[in-house]
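This briefing goes through one protein model, grouped by topic. Please keep the structure open while reading.

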Amino acid sequence: MKKIILAILAVILFAVAAQAQVGSLIWEEEFNNLDNWIKITGNGSWGWGNGELEFYKEENVAVAAIPGEPGNNALVITAKQESGPGIVDQWGNPLNYTSGKLLTKSTVSVKYGMIETRVKIPNINLAGWPAVWLLGTSNYAWPRNGEIDMMEMGAQKAFRDLHDTHNGGNGLDNSTVNQVVGANAIFYSAASINPGNPSGASSISWDPTDIYCRPYYNYATPLVDRFLTYRMYWDDASLRFTVVDAGVEYDLYETPFTIDAESDEFQAPFYLITNLAIGGAFTDAYNLGDAGSGAPVSMPFPAEMSVDYIKVFQWNGQGEVHLGPPTPAVGSYGIYTDETPTNGGLVAEVSSQIYVWEGTLTDGTIPPYEGDNVLSWKTAGKGWFGAGIMSIQPLNLFDFPDGHLNFRIKIPANVTFKIGIIDAWNNQYYVSFPANQTKYGLVRDGQWGQASIPVVDIRGTAMDLRMMSYSFVILEENGVACEFALDDIYYDGGNVSGVDDGVVVQRPAPLTNVPNPFNARTEIRFELPGGGSYELTVFDVAGRRVTGFRGIGSAGANAVSWDGRDDTGANMGSGVYYYTLQAGGNTASGKMVMVK
């Protein structure tokens, strides 16, 4: 009895100590609207890499009142059994289920804190896979960007049976997916690479000897059709996952996960995701394209998953929330340069990585054009070559609409090559440098030369300059053997705000639009310090141009009216839109919300 009392006291003291370290509220999402969220559509590549069976539709996501809680709204994701035109996988094969998925990539990112969410899951027996989770904002591919699963249900029976002697389990191997919830964190580890796991994904829930992973079980009162609270306690040293059921907080692991140099993915920002998947490798249901790989889908439809809120509190004095895309680069920005004066820049192997694609290049011997560093390569006889400079975190070059991408190159005159950029959504665009022709100022004489590409030429029509992954790429597709070098790569001509040399820069006044949110039409209002031409451009949340207005404004108040249509006259859907005003060599930006 004494040992039991001491154990209970230890639990109480631990709970009090944990609570004492929770600080003030930093940010909350109450789901009165979906301004912070991007709705995902489609089935991805092989069912989002997991063999999932659902097609995500925007129509399956909504904000709705919570029954019995007057004035309280929730995000509602509805899974349906339906098929029809456009409900297909990547190969065009018909799918039989739809659902919803949202994320905050480019709108909200979190680094550390106690994150809490209140969620209600529907009956998911069998095949439902609901989750509230996070992915790292970095441009690394999964799993190197890191994944944090605050809560997920629908795990395979083998997983549930393995751990059911702990945390409410009865040891009888008879739990259902409605009675068990877990959490997970995934990072890259070279030690985890094997024939069955070529990606090197290291999952803390992988616990074949049952010593660490502690999913929570409740047989008497299943974890569906009622709200539960899920928490993650995250600082630079550890991750702790819990679930609160009937006022009692249960840990989902034996101890918090310790973050070290190998798992430093968890020392960077993450964005939020919530979805209700159907089937796939995580569940006991069958995988996409292989009806014999698992059980049939038997969960009832329609099925509604509700998320009441997501809140971020300080934890152990740590916690950051960033709203919107990354802070914009301004003025001039170095991508790979030693001596050119810039307002900031990337540092190789610190804030950027330099990649050669598929072994198409080997090290060359050409000395630098400037400074001590150079990218010097020889072709490897692969029939093409490609290489690029990737910023580890997305780079915001949105304030370079009239700027230039400058670079030095020494390459034989008979080599045709392309220079391009890639954004964090994997949109890419290239401009060509034909052999033996001068283009963008680059004289093709085989010696060091400089090119200066206007950003307006290299951004194309779909690039999201707010969220850049590769800010410089070189590509050759004809297989011409050569040795070449690149150096002194930077952007210039970016907008600079504030005071310069004691002279106050006159800018357009901050933009506003009325009404905001709006339904059919909104008026975008701005002031100009002096009369002259202006250009106002509307972009969607992915940074794609929607429409624009040009005119001659007068000093003082001006306005344009937008009816929610794009350049072709098509009606745009509900969501967040950005608009940018350029006038007098300066730029101002704003955000508006269309609700239909």
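## Cores and overall build

Once neighbours within four places in sequence are set aside, Trp 234 is in contact with Val 110, Lys 111, Tyr 112, Gly 113, Ile 115, Ile 148, Leu 239, Ile 259, Phe 266, Ala 268, Phe 270 and Trp 315. The model is predicted, and the points below should be read with that in mind.

**Nonpolar cores**
- Trp 234 is, with Leu 239, Phe 241 and Phe 266, one of the residues with the most contacts inside the largest nonpolar core, which has 66 residues.
- Strand 20, which covers residues 303-315, supplies the largest share of this core, namely 5 residues.
- Apart from this core lies another, of 41 residues, which includes Tyr 333, Ile 335, Ile 409 and Phe 433.
- In soluble globular proteins, nonpolar side chains tend to be buried together.

**Whole chain**
- The protein chain contains 4 helices and 41 strands.
- Its radius of gyration is 27 Å, close to the 25 Å that the globule rule gives for 596 residues, so the protein chain is as compact as a globular protein of that length.
- Along the principal axes, the C-alpha trace of the protein chain spans about 85 × 60 × 50 Å.
- Buried residues account for 51% of the 596 residues in the protein chain, and of the contacts between residues at least 6 apart in sequence, 71% join residues at least 24 apart.
- The accessible surface of the protein chain is about 25600 Å², with 52% of it belonging to carbon and sulfur atoms.
- There are 36 positive and 64 negative side chains in the protein chain, and the centres of these two sets lie 4 Å apart.

**The loop between strands 22 and 23**
- Thr 340 sits in the loop between strand 22 (333-336) and strand 23 (352-356), and, leaving aside its neighbours within four places in sequence, Thr 340 is in contact with Glu 370, Asp 488 and Tyr 490.
- Thr 340 and Asp 372 are 32 residues apart in sequence, while their C-alpha atoms are 13 Å apart in space.
- Glu 349 lies in the loop between strand 22 and strand 23; its phi is near 65°, a positive value in a residue other than glycine, and at 69% relative accessibility Glu 349 counts as exposed.

**Other backbone features**
- Most residues other than glycine have a negative phi, and most peptide bonds are trans.
- Glu 358, in the loop between strand 23 and strand 24 (361-363), has a positive phi near 55° and counts as exposed at 66% relative accessibility.
- The peptide bond from Trp 142 to Pro 143 is cis, with omega near 10°, and Pro 143 is found in the loop between strand 10 (128-136) and strand 11 (147-152).
- The peptide bond from Phe 301 to Pro 302 is cis, with omega near -5°, and Pro 302 is found in the loop between strand 19 (270-278) and strand 20.

Technical notes: Residues numbered from 1 in each chain as written. Predicted model: local features only at pLDDT ≥ 70, side-chain atom pairs only at ≥ 80, totals over all residues. Heavy atoms only, no water. Core = buried A, V, L, I, M, F, W, Y, C linked by side-chain atoms within 4.5 Å. Buried < 20%, exposed > 50% of the residue type's maximum accessible area, 1.4 Å probe, protein only. Helix = DSSP H or I, 4+ residues; strand = E, 2+ residues; numbered from the N terminus. Contact = heavy atoms within 4.5 Å. Rg over C-alpha atoms; globule rule 2.2 N^0.38 Å. Areas by Shrake-Rupley, 256 points an atom, 1.4 Å probe, with all protein chains shown as cover. Lys, Arg positive; Asp, Glu negative; His and termini not counted. Charge placed at Lys NZ, Arg CZ, Asp CG, Glu CD.
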